[in-house]
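Visitor: I would like to go through this model term by term. Please set each value against its cut-off.

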Amino acid sequence: MNATDSRPLRQTSFVLPFVGTLLLLTLIVDFVIQSFSLQWSNPQAKLNFFNEIIDRGVIALIGLTLVYAGFWLNNALNPPVVAEPGNPTANSPLRNPQFWNFVVASLLGLVFLLLLPVHFGASGEIYTAATTQADQREAQIKYQIQQQQQEIQAVLSSGQLDQLLQQKNLPPDRL
């Protein structure tokens with residue numbers, strides 16, 4: 001392969017990490033902005049927030065994949081130079097962009113791992129609220145049915161059923 005053939009690959013090896021880093025930065029900025037505008041007291045809003053963040057985890061994976069693909073392509077085109085044994089800072093991981101990409105990937109993985117129990121907690125809060133509301137509604141309906149049964153029993157025991165059925169001004173639901 002001559003120098004003119006590898007030129008697009010060299011450009012690609014610089015573009016891929018740039019695009020991947022850009023995706024990761026937009027994901028982090030979006031995460032921070034959404035977390036500041038969240039109503040933490042509203043369980044439904046928390047659940048929606050966690051769903052959105054978890055759904056955007058794919059963007060983080062794509063970004064990290066692009067960054068690692070760019071590093072791989074760059075290393076394939078330009079093999080790494082072995083550092084001098086007497087220079088300890090030449091091989092320092094703090095100077096290696098792959099190390100920092102690994103740190104970002106680890107932090108994002110930790111964030112998504114920590115979001116899992118919080119997401120389940122928010123789901124549990126919503127489930128508890130829904131079941132409590134359903135139980136209250138059920139008790140209210142049972143009370144209304146009991147009231148109507150008592151009214152029917154009172155009408156049947158007093159013998160006023162024929163008089164009530166003959167009244168023309170009685171609403172249909174009452175009949």
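Guide: Helices are DSSP runs (H or I, at least four residues), numbered from the N terminus. This is a predicted model: local features need pLDDT of at least 70, side-chain atom pairs count only at pLDDT 80 or more, and totals for chains, interfaces and linings use all residues. Residues are numbered from 1 along each chain as its sequence is written, and side-chain values use heavy atoms, with hydrogens and water left out.

Visitor: Which residues of α2 are buried?

Guide: They are Ala45, Lys46, Leu47, Phe49, Phe50 and Ile53.

Visitor: Why is Gln34 called buried?

Guide: Gln34 has a relative accessible area of 16%. Buried means under 20% relative accessible area, exposed over 50%, partly exposed in between (1.4 Å probe, protein chains only). Gln34, at 16%, is therefore buried. Gln34 lies in helix α1 (residues 7-36), and beyond its neighbours within four places in sequence it is in contact with Phe49, Glu52, Ile53 and Arg56.

Visitor: What makes the pair Gln34 and Glu52 a polar contact?

Guide: Their side chains are joined at 3.0 Å. A polar contact is a pair of N or O atoms within 3.5 Å; within protein, one must be able to donate a hydrogen and the other to accept it, and residues adjacent in sequence count only if both atoms are side-chain atoms.

Visitor: What is found at the start of α2?

Guide: There, a side-chain oxygen of Asn42 comes within 3.1 Å of the backbone nitrogen of Gln44.

Visitor: How does the span of α2 compare with what is expected?

Guide: The 13 residues of α2 reach 18 Å from first C-alpha to last, close to the 18 Å expected at 1.5 Å a residue. The expected span is 1.5 Å times one less than the number of residues.

Visitor: What makes up the largest nonpolar core?

Guide: A nonpolar core is a set of buried Ala, Val, Leu, Ile, Met, Phe, Trp, Tyr and Cys residues joined through side-chain atoms within 4.5 Å. The largest has eight residues: Leu38, Ala45, Leu47, Phe49, Phe50, Ile53, Leu115 and Ala122. Both α2 (43-55) and α4 (97-158) supply at least two residues of this core, and α2 gives the most, with five residues. Another core, of five residues, lies apart from it and includes Leu27, Ala60, Leu64 and Leu108.

Notes. Contact means heavy atoms within 4.5 Å.
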